[in-house]
Amino acid sequence: NTDLNANSWSNNARNLPRNIVKLNDFGGSVGGAILKNKLFFFGTYAQSIQPQSISASASVLSAGAQSGLFQYKASNGSIQGVNVLQIGSGAGGPGTLNSAIGSQFQQINGVLGDGILSPTSDPNISTLNWQYAARRTIYYPAVRFDYNVSDRVRLNVSYTQTKTVYPGANAAVFPGGIDTTDLTSSNSNNKIAGLGIDWTIRPSLINQFHGGYMYQYSVFDPENEGIDLTKVFPQAWAYGTSVYASNIYPRQPISSYYPLLSASDTLTWQRGKHEFIFGGGFFHEQDHYWNGPGGYPITTLGTTSNDPILSPFTTALGGAGLTTSQQTSAEGLYATLTGRVSGVNIGGGGRPLDFSTGQYKPFGSYNLDESMFAGNMFVQDRWRVTSNLTLNFGLRWDIVGDDHDVNGAYSSPASVADFWGPTPVGAIFQPGTLGGVANPQFTAKTHAYKTSWKNPQPAIALAWSPQTEGFLGKI
């Protein structure tokens with residue numbers, strides 16, 4: 001319970017209260033016979049509820065900086081100021097606040113009361129610290145049935161699950177719900193089902209079968225599934241934090257679903273001094289990985305070396321006595337206030353591929369559907385040579401399939417020479433040695449490598465137990 005916890009040093013330094021930390025774990029189990037000597041049941045259920053608060057922070061421009069006043073420490077230690085909007089106007093650039101940036105300032109200033117502002121070493125920037133509630137709930141149900149079909153056949157089935165619901169797992173850029181795509185959840189749902197059959201064919205011959213199905217599902221930021229990418233415009237400010245900060249906005253709705261089916265069978269035959277074991281198994285895994293959407297523009301504000309305003313702007317700042325570092329910050333403030341764009345990139349990993357057409361599309365997700373199969377077989381003999389000497393030997397053989405994407409989303413070099421590119425094949429540590437493939441090609445394909453069929457694994461071992469009586473007699 002929070003009442004029993006001390007506050008953290010960082011919270012004390014920022015005048016924040018203790019984070020809420022509560023761990024409420026409870027559960028129970030029940031079991032017994034349903035049909036006497038035939039059917040048995042065992043079940044358990046547990047739940048963990050964790051109400052908590054999480055700390056978050058963001059950089060906020062001061063009121064003066066939002067109006068164009070850039071403050072800096074002069075060489076004599078005094079705090080001086082220059083108006084970057086006036087300097088920019090004199091250098092041939094705009095001298096007024098960009099309306100879209102001003103709208104973001106209004107939103108940010110409206111939620112400052114939801115946190116605590118702390119000064120930084122930069123007089124133009126404060127840190128807004130706040131806390132928000134996040135409640136994590138985890139469910140743990142499990143059940144098993146055992147059934148005696150006959151004196152020789154026994155069957156069991158089982159099921160377990162771990163389900164996590166965690167709204168508010170990821171913090172927003174700013175408090176107060178300025179943008180609903182920020183504060184998002186992180187959930188998962190993992191299940192395992194099992195089947196077992198033990199068959200005593202005769203006292204010296206026993207067969208055991210086990211099968212299982214594993215279901216793994218995770219989802220991050222599900223609130224943003226189906227987001228309209230044509231209306232998403234992340235923005236990286238050159239100074240301070242944007243409402244639509246490019247490192248967070250939009251939260252990427254990413255999910256994965258990995259079903260896995262497996263089975264194994266073992267036959268044990270006791271014959272004289274030998275115990276023969278024959279068996280095999282397989283598994284098939286299908287990995288669905290749904291990436292976050294891509295194709296939306298990410299705008300970066302700032303000035304570049306070929307910006308015509310940069311030279312006169314820098315000259316004016318240098319004349320006012322600003323250091324090189326201070327000049328860079330002042331230029332960043334001006335670019336932010338006036339919405340001066342230094343670059344636009346494609347967010348979400350670039351343009352996604354449309355598998356149906358083989359062409360790139362402007363918006364969407366690049367999803368993978370991976371599949372893999374593997375199997376094995378083995379034979380073993382446990383030979384009781386004498387009462388105190390056992391020889392174990394056998395052979396196992398594995399077949400490992402290739403992990404491939406069923407939609408052909410993998411790509412690999414068309415040849416070994418394409419892998420080396422302009423460098424000739426084998427020319428390691430030879431700078432300047434060219435003559436290879438000038439334009440190496442990568443080919444999209446379903447299978448990047450072949451199934452591995454030859455995996456023999458022989459094994460042999462001795463187990464020897466010295467005759468204790470003989471040693472004692474000698475002693």
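The protein contains eight helices and 25 strands, where helices (H or I, at least four residues) and strands (E, at least two) are DSSP runs numbered from the N terminus. The model is predicted, so that local features need pLDDT of at least 70 and side-chain atom pairs count only at pLDDT 80 or more, while totals for chains, interfaces and linings use all residues. Residues are numbered from 1 along each chain as its sequence is written, and side-chain values use heavy atoms, with hydrogens and water left out.

The C-alpha trace spans about 100 × 70 × 65 Å along its principal axes. The radius of gyration, taken over C-alpha atoms, is 34 Å, whereas a compact globule of 475 residues would have a value near 23 Å; the globule rule is 2.2 Å times the number of residues to the power 0.38. Of the 475 residues, 33% count as buried, that is, under 20% relative accessible area with a 1.4 Å probe and protein chains only. Among contacts (heavy atoms within 4.5 Å) with a separation of 6 or more, 69% join residues 24 or more positions apart.

Strand β10 pairs with β15 (residues 297-301) in the parallel sense over two bridges, and A236 stands opposite T300 in β15.

Technical notes:
Buried means under 20% relative accessible area, exposed over 50%, partly exposed in between (1.4 Å probe, protein chains only). Two strands pair if DSSP finds at least two bridges between them.
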